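Biologist: I am new to this structure and would like to learn how to read it. Could you walk me through it?

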Amino acid sequence: MKINVVGLGYIGLPTAITMANAGFDVMGTDYNKQIVDTLNQKKITFKEDGLEDLFFKAVDSGNLKFTTEYIDADIYIVSVPTPYDSFSKKVDATYVIKATQTVLDVCKEGSIVVIESTVSPGTIDRFIKPIINKNIHLVHAPERIIPGNMVYELQHNARTIGADDKAIGEKVADIYRQTTDGDVVVTDIRSAEMTKVVENTFRAVNIAFANELAKICSHDGMDVYEIIRICNMHPRVNILTPGPGVGGHCISVDPWFLVGDYPELTKVIGNSMYVNASMPSFVLKRTSEIMKENGLTDYKRVGIYGLTYKENVDDYRESPTLQLLEAQKEHLAEPLKVYDPFIEDDIVENQYHDLQKFLDDVDLVIVMVKHDEIKANMNLLENKIVFDTQNICDLPKAYKL
Ligand code: SAJ
């Protein structure tokens with residue numbers, strides 16, 4: 001059976017690798033020639049624990065190849081980005097539509113097109129089904145892996161297969177069962193679309209609750225972490241961890257699909273998203289209070305440690321640090337200094353690539369990400385004023401959220 005994985009980003013590439021290692025004949029397609037060239041040179045395109053070895057295994061077995069072309073296959077797995085329109089808050093299905101159209105140009109009758117990209121409920125009915133001009137089968141199998149633990153989750157997560165034709169759903173489920181030991185459930189397309197967005201919305205709302213608690217506690221000088229620790233000893237309470245904001249391309253994006261489609265029905269969800277989005281500005285406000293308390297007036301002596309959207313990944317999309325830098329533009333002439341051990345390229349102004357130089361140039365360090373490397377370097381921060389937004393620093397004078 002020939003599988004064509006379309007889109008070789010954070011989801012498509014691991015999916016192609018997993019399918020190839022399960023024994024399927026896989027072609028990975030991406031319109032970005034640079035990505036395809038890099039992969040064809042046997043170099044992986046992003047860092048993820050354990051993925052590189054699986055990538056080598058898949059390529060060496062001959063089961064995995066890469067091209068910029070769409071090919072004739074039995075099954076297509078579409079994993080292209082679905083951004084949202086920041087004004088209307090609605091899903092932008094352009095890439096999925098375009099990819100499906102191109103699949104339709106090359107595929108034979110009877111082939112199966114599996115959409116893994118996250119879409120809002122109803123997107124496939126509204127935008128994909130109307131362009132189908134051949135006898136093919138549509139399936140939605142929303143991805144579920146978490147960056148930072150992708151390899152484990154690819155092999156163990158339960159999966160949802162949405163298909164309007166049960167037999168086709170079962171056929172695709174059997175393929176996914178060869179890649180994971182988690183349950184693989186078959187439902188209809190619309191329910192599968194909904195489950196995916198609901199899962200990420202659940203997390204967004206719960207993070208917002210923790211963030212709101214952080215603000216309440218900060219207002220009255222209470223320790224939010226101590227309060228959460230104690231509350232979580234209750235058998236039915238499980239509060240998440242407050243932080244400097246919510247980044248990435250999932251939790252900070254997908255719930256907006258529901259808000260965009262059901263503006264009158266999403267008060268909890270909408271407000272949660274605003275609470276999460278307010279956290280970088282809250283960090284800035286706390287920073288100015290901490291500066292005042294320490295007689296520091298020069299923002300040029302303030303540095304941000306961590307630029308990625310979360311720990312131990314190199315993905316900085318929608319990261320809290322980027323959000324904070326955007327928020328500070330209104331107030332400061334010059335951007336704050338930034339260092340992240342995971343980012344080698346120049347992403348923002350005033351970015352350092354040498355930790356010691358960064359530390360020499362700042363007096364106040366805002367810890368934004370809980371990278372293992374930052375935890376290991378905590379002793380280097382002993383003589384700095386530290387604002388630890390991630391609760392990883394046990395230096396006695398570190399400020400918390
Ligand atoms: N965060 C907090 N507090 C927490 C947990 C997370 O502030 O207690 C922040 C993180 O620092 C980060 C953001 O939230 O900035 C999102 O990180 P995450 O680790 O919660 O999730 P993602 O975005 O990396 O991956 C999520 C996962 N979804 C769920 O757990 C429901 C993953 O399983 C999905 O596959 C992924 O979204 C996706 O692609 O949809």
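Modeller: We will look at the ligand site and then at a sheet. This is a predicted model, where local features need pLDDT of at least 70 and side-chain atom pairs count only at pLDDT 80 or more, while totals for chains, interfaces and linings use all residues. Residues are numbered from 1 along each chain as its sequence is written, and side-chain values use heavy atoms, with hydrogens and water left out.

Biologist: How many residues surround the ligand?

Modeller: A residue is near a molecule if one of its heavy atoms lies within 4 Å of it. Here 20 residues surround the ligand, and the closest are Glu143, Lys196, Arg203, Cys250 and Tyr309.

Biologist: Which side chain has an N or O atom 2.5 Å from an oxygen atom of the ligand?

Modeller: A polar contact is a pair of N or O atoms within 3.5 Å. The side chain of Glu143 has such an atom at 2.5 Å from a ligand oxygen. For Lys196 the distance from a ligand oxygen to a side-chain N or O atom is 2.6 Å, and for Lys310 it is 2.9 Å.

Biologist: And the sheet: in what order do its strands lie?

Modeller: Strands of a sheet pair through backbone hydrogen bonds, either parallel or antiparallel. Strands are DSSP runs (E, at least two residues), numbered from the N terminus, and two of them pair if DSSP finds at least two bridges between them. In this model 6 strands form an open sheet in the order S11-S10-S9-S12-S13-S14, with parallel pairing. Strands S11 (351–352) and S14 (399–400) are at the edges with a single partner strand each, so one side of each has no neighbour in the sheet.

Definitions and conventions. A polar contact is a pair of N or O atoms within 3.5 Å; within protein, one must be able to donate a hydrogen and the other to accept it, and residues adjacent in sequence count only if both atoms are side-chain atoms. Helices (H or I, at least four residues) and strands (E, at least two) are DSSP runs, numbered from the N terminus.
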